[in-house]
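Subject: Structure handover, charged side chains

Hello,

I am passing this structure on to you. Please look it over before reading the notes below it.

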Amino acid sequence: MRRTQKKLIMPVCLTMASMLAAATSYAQTVTIPVETQNNALVLQTDGEKNLKMVYFGHKLGNAGEYQSILSQYKQADDSGVLNDAYMPSGSASLAEPAITVTHADGNKSLNLVYVSHNVTKIDDDISLLTVNLKDPAYPFEVTLYYKTYFKEDVTEQWSVIKHNEKGLVTLNKFASANLNLKGSGFWLKQYHGNWAMEMQPEEAKLTHGIKTIDSKLGTRANLYEHSMFMVSMDQPATEDEGKVMLGALEWSGNFKIDLELDVSNNLRVIAGINNSASEYHLKPAEDFTTPAFVYTYSDHGKGDASRKLQRWARKYKIVNGEGDRLTLLNNWETTYFDFNEAKLADLMKDTKKLGVDMFLLDDGWFGNSHPRNGDHAGLGDWQENKQKLPNGISSLVKEATNNGVKFGIWIEPEMVNPASDLYVKHPDWVIKQPNRPEKYFRNQLVLDLTNPQVQDFVYGVVDNLFTKNPTLAYIKWDCNAVIYNAYSAYLKKDQSHLYVDYVRGLYKVLERVRAKYPKVPLMLCSGGGGRVDYGALKYFTEFWPSDNTEPLERVFIQWEYSFFYPAITSSNHVTDWGKQPLKFRTDVAMMGKLGFDIVVGRLSENDLAYVHGALKSYDYLKDAIWHGDQYRLQSPWDNDAASIMYVNDGKSKAVMFNYLVNNRYGAGTKVPIRLKGLDPQKKYSLKEINLYPGSNSSIGNDLTFTGDFLMTVGINPDVNSGRASVVIELDEVK
Ligand code: GLA
């Protein structure tokens with residue numbers, strides 16, 4: 001029995017005597033507050049050393065009072081211990097577990113008790129708390145890790161599992177984190193999607209029982225459901241009000257997030273690798289490290305929470321998050337697979353003419369016995385196609401240099417088309433069932449990255465490109481297929497390790513790439529945004545949110561991604577999707593990392609002049625957009641116009657983007673939109689920028705207002721059907 005008799009008989013209403021009894025038992029407890037600038041997560045042992053998570057929210061002024069929190073909750077104790085910090089299964093805990101194991105002797109019961117904890121201060125901002133737990137009946141241990149980023153209010157949590165039993169232990173479930181939230185109600189905002197429809201939000205009140213968001217797709221794991229979500233407590237949080245937690249699993253494979261509302265109205269959030277078909281056999285003394293689950297909390301709404309996560313990502317997670325990015329011209333939608341050296345030479349001239357930094361050559365440059373002239377052949381054969389490119393990539397890199405621009409290239413190194421030399425040469429490198437017909441996704445199969453030889457091959461694809469072309473400036477790394485018929489010739493009897501070891505293999509390759517090429521920009525793409533997560537983004541500078549570049553759609557897609565990822569990571573290309581004018585398309589793409597994928601030759605003189613002006617503004621404002629704070633002013637979901645702004649760190653420069661998202665008669669901005677994030681004391685001059693040649697601004701010239709006025713009264717950008725996209729620059733007047 002895990003509970004003390006004392007607690008079981010505690011009266012429903014706390015009498016003086018029972019309060020004293022509680023105080024006595026608290027005296028034996030250990031309370032561990034995990035604090036950041038504004039927030040706290042509190043762990044506490046009970047009388048039997050079971051580790052509980054007793055609090056999550058705004059931190060208390062007096063840390064001594066954390067130990068009194070639990071006494072204020074009336075838990076349904078008989079139903080099992082509900083608020084374990086890392087819920088084991090098969091002993092006294094009967095809720096959805098964070099961890100389930102089969103011991104070496106076949107026993108499936110696990111209990112975990114507190115042994116010790118330790119805090120290491122890594123620097124002024126970062127601390128690492130470790131809490132050691134062990135099973136009293138088996139030599140089986142779990143260490144919980146809480147890495148806190150004080151100023152950003154962000155925590156990364158993971159666990160390390162190990163044992164010293166006589167033989168293999170099977171991990172049946174192995175979550176990264178298990179949070180217990182308290183509130184009078186909980187609202188989940190989750191995302192689903194598909195190709196060209198990423199980040200479709202839904203928000204609903206959680207009912208009792210378990211709600212699961214998961215993926216079993218293997219690679220391209222976020223294609224149908226995304227591994228980021230938010231939970232509001234007490235009432236649905238708005239942009240600027242309410243209690244909300246934002247969470248994201250740092251893992252590029254199968255994930256599972258369970259949200260269990262229990263009988264005592266605790267919400268348990270259990271996030272980790274999906275254990276479906278993934279039992280993991282652990283040898284004695286071997287470590288199993290789960291990926292991290294990153295989360296933040298704010299009691300000032302979703303906007304504040306998202307800015308915390310964005311700041312953390314820029315500072316600590318993504319590659320060169322506080323650095324620079326390259327603007328570019330991509331050829332995917334202008335040529336698809338149909339190009340040759342002459343066409344590309346013209347496109348490089350166009351890159352220069354457009355005024356961007358780099359030309360990005362997309363799919364179709366490789367394969368000889370199986371030329372990559374469509375998506376049915378060539379993947380795996382990473383040699384230049386001799387017909388299209390007789391002088392190879394190196395001559396293209398030179399051509400780019402001659403035009404004063406940089407050169408980048410597309411690869412999809414984890415994949416293979418059956419129509420390829422690689423498939424014929426190494427059938428055992430391919431993930432497929434030996435006794436079932438092959439099933440393809442975009443005519444291709446996935447290479448078995450659990451196999452070190454395949455890891456070498458994939459690393460070699462990248463390394464060869466850079467070794468042969470030292471000035472190669474950029475790689476777009478794609479991943480267009482899911483894993484069907486999961487079977488690895490390499491893993492033999494350990495087939496259930498495939499989904500986990502695939503991702504570990506991928507990360508090993510990316511580690512090697514980053515060890516040799518620490519700064520080179522890499523774009524994370526997966527047939528659009530099928531693999532956007534912080535596990536992968538640790539190695540990338542940016543991601544491709546969606547193949548859907550229709551700008552109206554993009555307003556919504558980028559809006560939703562921005563809750564979790566900073567603008568500097570969002571590769572936004574101006575393309576010919578949709579009916580919006582060039583100005584609208586470019587303005588939308590400027591809210592992130594700007595690129596183009598259009599036929600430059602078809603641009604009119606005015607178009608080109610407009611783009612040149614926009615690029616100049618972008619150059620001036622990119623510091624605010626990339627490194628500043630983002631404020632969502634008006635949502636596209638329930639207004640005629642969407643409005644978003646970015647403010648630089650010194651609050652001296654800002655930019656406000658406004659887009660008409662409703663086509664109905666008379667739609668537009670009727671009332672002023674209140675700005676955010678400015679200094680109320682400062683004066684700002686406002687001017688409309690990105691005006692198409694020949695058009696004038698209707699908001700007036702020489703506008704100067706205080707931050708106070710702009711944030712209290714606001715301004716009307718005058719968005720209407722004749723002015724569907726309005727960009728306003730703000731500069732401090734000294
Ligand atoms: C995926 C990407 C596209 C493009 C194609 C090339 O669909 O998302 O941007 O690179 O592959 O085949």
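Predicted model: local features only at pLDDT ≥ 70, side-chain atom pairs only at ≥ 80, totals over all residues.

Residues are numbered from 1 along each chain as its sequence is written, and side-chain values use heavy atoms, with hydrogens and water left out.

The count comes to 38 salt bridges (a side-chain nitrogen of Lys or Arg within 4 Å of a carboxyl oxygen of Asp or Glu). One of them joins D363 and R372, with the closest N and O atoms 2.8 Å apart. D363 is buried at 1% relative accessible area, and R372 is buried at 0% (buried is under 20%, exposed over 50%, partly exposed in between, with a 1.4 Å probe and protein chains only).

R512 and D456 also form a salt bridge, 2.8 Å from N to O. R512 lies in helix α9 (residues 498-516) and D456 in helix α8 (residues 452-468), so the pair ties together parts 56 residues apart in sequence (helices are DSSP runs of H or I, at least four residues, and strands runs of E, at least two, numbered from the N terminus). R512 is partly exposed at 33%, as is D456 at 42%.

E96, K173, K256 and D258 are linked in a salt-bridge network.

D125, in the loop between β5 (113-121) and β6 (126-134), is buried yet has no salt bridge; K151, the nearest side chain of opposite charge, is 4.3 Å away (Lys and Arg count as positive, Asp and Glu as negative; His and the chain ends are not counted). The backbone nitrogen of K151, however, lies 2.7 Å from a polar atom of the D125 side chain.

Regards

Notes. Polar contact = N/O pair within 3.5 Å; in protein donor to acceptor, adjacent residues only side chain to side chain.
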